[in-house]
Amino acid sequence: MSKSNNIEEGGRRSFLQALKNMPEQRLLLILSLVVGLVSGMAAVILKKLVDWIQIGLSSVFGGQYNAVLYIVLPGVGMILAMLFCRYVIKDKIGHGVTKVLQAVSQNESRIRPHNMWSSVAASSVTIGFGGSVGAEAPIVYTGAAIGSNFARYMGMSYRSMTILLGCGAAGAVAGIFKAPLAGVLFVLEILLFNISMTSMMPLLISTVSATVVSYIFLGQSTPFQCTLTPFDLKNIPFYLILGLFCGGCSVYFIRTTLWLEDKIGKMKNSYLKWMLCAIGLGILIFLFPPLYGEGYSSLGVLLNGQEFSLEGQTPLAFLTDSRWSVPVFFLLILLLKVFSMTLTNAGGGVGGTFGPTLFIGAIAGFFVARTFNLILSGTSLSVPEQNFVLVGMAGLMAGVMQAPMTAIFLIAEISGGYDLFLPLILTATISFGTTRIGEKYSIYTKRIAQRGELLTHDSDQAVLTLMKVGDVIERDFSTITIDATFEELVQLVAESQRNIFPVLDSKHRFQGYVALSDIRKYMFRTDLYTTKHVYNFMRSASEYVYEDEKMDSVMKKFEVTDAWNLPVVKQDRTYVGFVSKSKIFSVYRDELKMVSQD
C-alpha cells in the first residue's frame, strides 16, 4: 500500500473514531441525516429499477396488452426472486414491515446487513416482471436495515439503534412517496410507539433529507396526478358510506390475505408452489390487466375523472353491453387483488401489501362513487368520482394498516389534495373504527401479536415484550438428588449462599425444591441424618416457567401463585434454574430505561 493510501486510511479511521467518541445524542442527529440520504437514494434506485425492467420488457414484447406479457412474465419474476433469496442471500425477506416490527421487539433492533440491498434487488425483479405487489414494504425494510446497521457499526445503544431504524423506515416512505410528514407518522403509528418529542428531531431530519433526494432524482411532480373538484358539504353522507365500505373491505383484505397465505404455506414443494401460484397469477392478470404490477398506471384515468372503457383492455370486454359493466369489472378487481398479491408473495416473489392497499382503496372509492352516480342518474345529485378514488385510498389504508393519521396525510401529500382534508379525515376515521370492530390488529401486526411479540403503546407491555426469560434466569442454586440423605442436604446448605435447593432425579429433571426455612429446626438433629432423605422435606413447585416462555405469561404465573421464586425447566422438565420477582424487577428497570422517554 502506498504512503498516500496509508495516510488516507489513517484519516478515515481517525474520523470514524472521532464520531464514535462523540456524545450519542449528537451522533444520532448526524446519522439521521446520513440514513435519510441513503434511504432516499435506495427508494430512488428501486423505482428506477422497476421502471427500467418494465420498459425493457415492453420494448421486447410489444404493446401494453400482450397475452405472453401477462401470463408468463410475472411467474418469471417470481422464480428469479425465489432463486435469489434461496441461493444468493439464503434468507426470507418477504413481509418487510412485519420483519421490522419483529426486529425491534425480538432482536434488539438488529437487521442483517444484506437487507440494505437484497429487498431492493428481489422486489424490483418481482414488480418489474409484473408481480401484483407493492414496492413500499420492501423499501421500508431496506431503510430500516440501513438505519440499524449504521447504528450497529457505530456501537450505539439499543434505543438509539431503534430510533435510527425508524429514521431509515421513515426516510424510505418519504423518499418513495415524496411525503416527509407521512414518513414520520408511519413510524409513529406502525413501527415505533415510545418516541419522545426529542426523538422526533432525527425522524424529521431523515424524512426531509430523503424527500430532497427523491425530488432531485425523480422530479418535483407528485406521485399521483389528480384532477379534483372542490369539496361540497352535501357529499358528507356519501363519504360516510365510503368509510363504512372501506372498513368492510379492510376486514376482507386482512382475513383473506392471512387465510390464503396459510393455505398456500402448507405446500412443502417450493417449485410446485411457484408453478401453481404463477399459473393462477397469470390467469388473473390476463383477465384483469389492472392487476399487472403495482397497478398505479390504471389509477391515472380514475384520478382524473376520465371515462374507462373495457374495449381492448380485457377478454371480458363483452360485458360492455351494460352501464354497470365498468363498476362490476372494478369490483371484481377489488376482490381479486388480494389473491393476485398473495399468489405473488407465496410463489416466491418479494413485495408488500402497502401498494395493493392503496390500489384497492382507489378501486373501492371509484366503485362507490360510480354506483351512487348510476343510482342517482336522472336526478340533480352526483358525486365527484375522482375525489372518491383519492379518499378511498386513505380509507382502506386507515383500515388495513390501522394507521389513520398516516393515511390522511400520506394521501394529501402524494396527490396535493389538501382541499379534501375533511372527507379524508371523515372516511379514514370511519374506516378505522369499522375495521377495529372486526379486527383488533393490522395486517402487519396480527400474526406477531398472536405470538405475543408485538410492542405496543403501553410502556409496561412493551418492556415485557422486550424481556426474555433467559435474561432473568438465576443458575447459581445448588442442586441435590431426590434420594440423597438429610446429612448430604445439611452439608450442601453449609456450602451454599442460597436458601432454595432444587431437587432433581437421576436424569436431571426437576422434582421439587427444599426451602431452608423448612429444615432449619432439624439441622442439628444428627439422629435424622441417615434416617431422613431429601424427599421427606421436598416441596412441589406451584408452577413451572419454560425457558422459551413469554414474559407476560411468566408474570401471570407469579400473580396467580403469589410465589417469589419459580423454577425454569425445559419442555421435558429438565432443570434450568429459577426466576425471582427481584431479578425480574431489576431487569425490568434496565429495560424501561432503554425505552423510556427523554
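Let's start with Ile30: its relative accessible area is 35%, so Ile30 counts as partly exposed, meaning between the cut-offs for buried, under 20%, and exposed, over 50% (1.4 Å probe, protein chains only). A word on the source: this is a predicted model, where local features need pLDDT of at least 70, side-chain atom pairs count only at pLDDT 80 or more, and totals for chains, interfaces and linings use all residues. Residues are numbered from 1 along each chain as its sequence is written, and side-chain values use heavy atoms, with hydrogens and water left out.

Ile30 sits in helix 2, residues 24-61. Helices (H or I, at least four residues) and strands (E, at least two) are DSSP runs, numbered from the N terminus.

Three strands make an open sheet, order 1-2-3, with mixed pairing. Its edge strands are strand 1 (480-481) and strand 3, each pairing on one side only. Pairing here requires at least two DSSP bridges between two strands.

Take strand 2, residues 500-504. Strand 2 pairs with strand 3 in the antiparallel sense, over five bridges. Ile500 has Ala515 in strand 3 as its bridge partner.

Last item: is strand 3 mostly covered or mostly open? Strand 3, residues 510-515, is mostly covered, with five of its six residues buried.
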